[in-house]
Amino acid sequence: MNLADMLSYADIHELGRIAHTYECECNGHSKNELIQSILSTALRREIFEKHIQGLALEDIRFLNSLLFDPRNAFSIEELIARVQQSRFQKENSEDWNPRDMIIKFKKLGWLFNGYSQQTKFLFHVPQDLKRRFSDVLTGQFKQSLKTTSEPNVYRDEQLLIVDDIYHFLTFISQEQELPLTAEGSMYKRQLQQILNRLSVQEEMVTKGTWRFGYGRMFKEYPNRFSFIYDYCFYRQLISEHSQTLRLTEDGKERLIEGRKENLSDVYKFWLRLYKNPIPNVQTIAAWIDRLGGQWVTMASLAEVLCKLVKPFYYDTSESIVEQRILQMMMHLGLIRIGEDQEYGAVIQVTKLGTKVIQGTFVAEEDKVVLFLDKESRLFKEDVK
């Protein structure tokens, strides 16, 4: 529903609080006058933009968590969790109550309780306001971006990761089974053979090198291949039993049919895998799609996005944006990364990337849950 619809279901006391926020001059005892006055004031462009510009960074992070979620209703527990995620600094926490932000958004007419018996304990964002929030924030963010012309050289890996998943499965099929070390990783010789077959070349992880990242095999394998391995494992295309790596029946079926993965499925798994360390990774990808239609400098884009990304243990906001998100989105074929002689690294969203990002949604609770392995100081995971 839009703002006008939600106002019509609101009681007169709630309408009075919203009217007071916007300093509306009207008969406070007339529901109709209150609604008309709120609509004529709250939706006025300069007033709407003024309130968004006056938001604190934590308010913007909370608002940002609602914009690209297609669902219409949120529980109070969900909203409180999102408010808490928007707060990066924990000092003076005894004076801070996440419900205050929810109350603030209710007074602005940006959140409403449901009107039916089934939805009265849920909160709704008016659909027309969602669109306006997105448009206003997009305009604000774009002011900070530096656009460039197309670079002479850029990397574009569209669908190469899909090909390499197939190459990996083919290699295992040809070997029939591969022995694994006591730690559960492939031996160096076989790993090098696989890496040599892939479309994007990576160096093996140097033995003894300290590694921090997300995924089961990040400690043992280079970044891109680690993700490919985890995808195949969680899709049950490969299995690890008795220190042996082999194809499952589903994996064999893929090769018999000559069927390659759907890029949307690979992207969806990436969101699930990275959602725990980066709760708003899906929203960040949506912003990259909105802001990266033209070539923009990575530095200016990262400056905008880093304000929305919370550090995670050894990862700073900058390393998360540049290494965990932008680099992986390039490997997924969603963006291309080039080098400008004057401005350094530049990026642009691919047409395929826009199609995949806009056509894919992963629910909040759908994630691969990570936990800290204290011995290796790395993150491993279970499927939730």
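The largest pocket

Reply: The lining of the largest pocket consists of 16 nonpolar, 10 polar and eight charged residues. Here Ala, Val, Leu, Ile, Met, Phe, Trp, Tyr, Cys and Pro count as nonpolar, Asp, Glu, Lys and Arg as charged, and the others, Gly among them, as polar. The model is predicted, and totals for linings use all residues, while local features need pLDDT of at least 70 and side-chain atom pairs count only at pLDDT 80 or more. Residues are numbered from 1 along each chain as its sequence is written, and side-chain values use heavy atoms, leaving out hydrogens and water.

The volume of the largest pocket is about 690 Å³ (the space filled by probe spheres set on grid points, which are joined across faces, edges and corners). A pocket is an open set of points on a 1 Å grid over the protein atoms alone where a 1.4 Å probe fits, with protein on both sides within 12 Å along at least five of seven lines; lining residues have an atom within 4 Å of a point.

In all, 34 residues line the largest pocket, and Ser65, Pro279, Asn280, Gln282 and Thr283 lie nearest its centre. Two or more lining residues come from each of α5 (57-67), α6 (76-86), α14 (281-291) and α17 (351-358); these helices are DSSP runs (H or I, at least four residues) numbered from the N terminus. The most come from α14, which gives five residues to this lining.

The second largest pocket has a volume of about 490 Å³. It is lined by 16 residues, with Ser185, Val205, Thr206, Lys207 and Glu220 closest to its centre. Its lining divides into six nonpolar, five polar and five charged residues.
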